[in-house]
Amino acid sequence: MYDVLDSRSVLEVLRPVEDPELRKSLVELNMIRNVKIDAGKVSFTLVLTTPACPLREFIVEDCQKAVKKLPGVTDVNIEVTAETPQQKSLPDRTGISGVKNIIAVSSGKGGVGKSTVAVNVAVALAQTGAKVGLLDADIYGPNDPTMLGLADAQITVRSTKTGDILEPAFNHGVKLVSMGFLIDRDQPVIWRGPMLNGVIRQFLYQVEWGELDYLIVDMPPGTGDAQLTLTQAVSMAGAVIVTTPQTVALLDSRKGLRMFQQMNVPVLGIVENMSYFIPPDQPDKQYDIFGSGGGSKTAAELGVPLLGCVPLEISTRVGGDSGVPIVVGEPDSASAKALTAIALTIAGKVSVAALTSEILKSQS
């Protein structure tokens, strides 16, 4: 037990407190800063690895308990901030200036709610204070502007010495670039692979993204040109695979998952969307319209995490059509809670992977 209340003793009692996911001391990770003592009042800054840390409250509580063991402590004030680590770059990839982590949201087939998941995850991350961008790479079916309430938005194109630069639209805390801003609403995109490759690279490198903690990429369904372009162009923090419990959706999702693994992109996990239906007039009931347990079974078979199960609610569809994502419009709904939890889990996994890489590099 320490007899003197000073910054050194505070750091020593905090040394055994670990980041629950990294299993490393907060002090050793330099997550405890600016320790100050004013009589019996102790204050310091806790610097988390992401604003969306899913274990934030547990870490704060552990810190408070540890410091209160010191003699003479009357109050503990913890300021919580975050510094999102940047995913390591690869020598054969070109990074995006200011963008720390790129996350693909993909699916093996269409109609499983991939864009709904991508939009709500992006908004949920922004609600935590993270800086978030959304790249709508579904060139043939760009729905993200509608889902973010930006269907009528006009984006600005600036001419610079190095070429044209797009300024993304912004709503619900998320910057968005989409093909939907560049074509008429009823205009089909009839392109071959090289043209698709070109526009995705433009969306990556010729957009004024600014500083972003996360760039969420809403991929088109399948395992085609868009996926190859993205995985070959940039270093990615990981991919999220969206499926329904239905057998045909799961079969396709397995192919999409294996594609990312073959391209050496970490698979963060599977999201089972439309997991069950909740009738609006009987919220205590649920119906397994598309089957049940498929996501957890597939995740177990393929050795990846099940990130969460999102129920099917009418309000989710209404929110997507009206441009008010359910995590904004009905944050206390079952779907919103599930999507928010998934977003926090994704952020946690991305930060752990980035920091683990930094720790291993420092030890080598």
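Let us start with helix 7 (residues 247-262) and helix 8 (residues 294-302), which pack at an angle of about 35 degrees with their axes 11 Å apart. Helices here are DSSP runs of H or I with at least four residues, strands are runs of E with at least two, and both are numbered from the N terminus. Axes are lines fitted to C-alpha atoms, for helices over the stretch in contact, and angles run from 0 to 180 degrees between N-to-C directions. This is a predicted model, in which local features need pLDDT of at least 70, side-chain atom pairs count only at pLDDT 80 or more, and totals for chains, interfaces and linings use all residues. Residues are numbered from 1 along each chain as its sequence is written, and side-chain values use heavy atoms, with hydrogens and water left out.

Who meets whom in this pair? Leu250, Arg254, Leu257 and Arg258 of helix 7 meet Gly294, Gly295, Thr298, Glu301 and Leu302 of helix 8, where contact means heavy atoms within 4.5 Å. By class, there are 3 nonpolar, 3 polar and 3 charged residues in the contact of helix 7 with helix 8. Ala, Val, Leu, Ile, Met, Phe, Trp, Tyr, Cys and Pro count as nonpolar, Asp, Glu, Lys and Arg as charged, and the others, Gly among them, as polar.

Now move to helix 1 (residues 7-14), where Ser9, Val10, Val13 and Leu14 are buried, meaning under 20% relative accessible area (1.4 Å probe, protein chains only). These residues lie on the same side of helix 1, because they cover an arc of only 135 degrees around the axis; the arc is that of the directions from the helix axis to the C-beta atoms. The partners of the buried residues of helix 1 are strand 2 (24-25), strand 3 (32-38), strand 4 (41-48) and helix 2 (56-67).

Look next at how helix 1 and helix 2 pack: the angle is about 125 degrees, and their axes are 9 Å apart. The contact joins Val10, Val13 and Leu14 of helix 1 to Cys63, Ala66 and Val67 of helix 2. The contact of helix 1 with helix 2 has 6 nonpolar residues, no polar and no charged ones.

Finally, pick out Val67, which is found in helix 2. Val67 counts as buried because its relative accessibility is 0%. Leaving aside neighbours within four places in sequence, Val67 is in contact with Val10, Val13, Leu14, Val42, Phe44, Val73 and Val76. Val67 and Arg8 are 59 residues apart along the chain, and their C-alpha atoms are separated by 12 Å.

Technical notes
Buried < 20%, exposed > 50% of the residue type's maximum accessible area, 1.4 Å probe, protein only.
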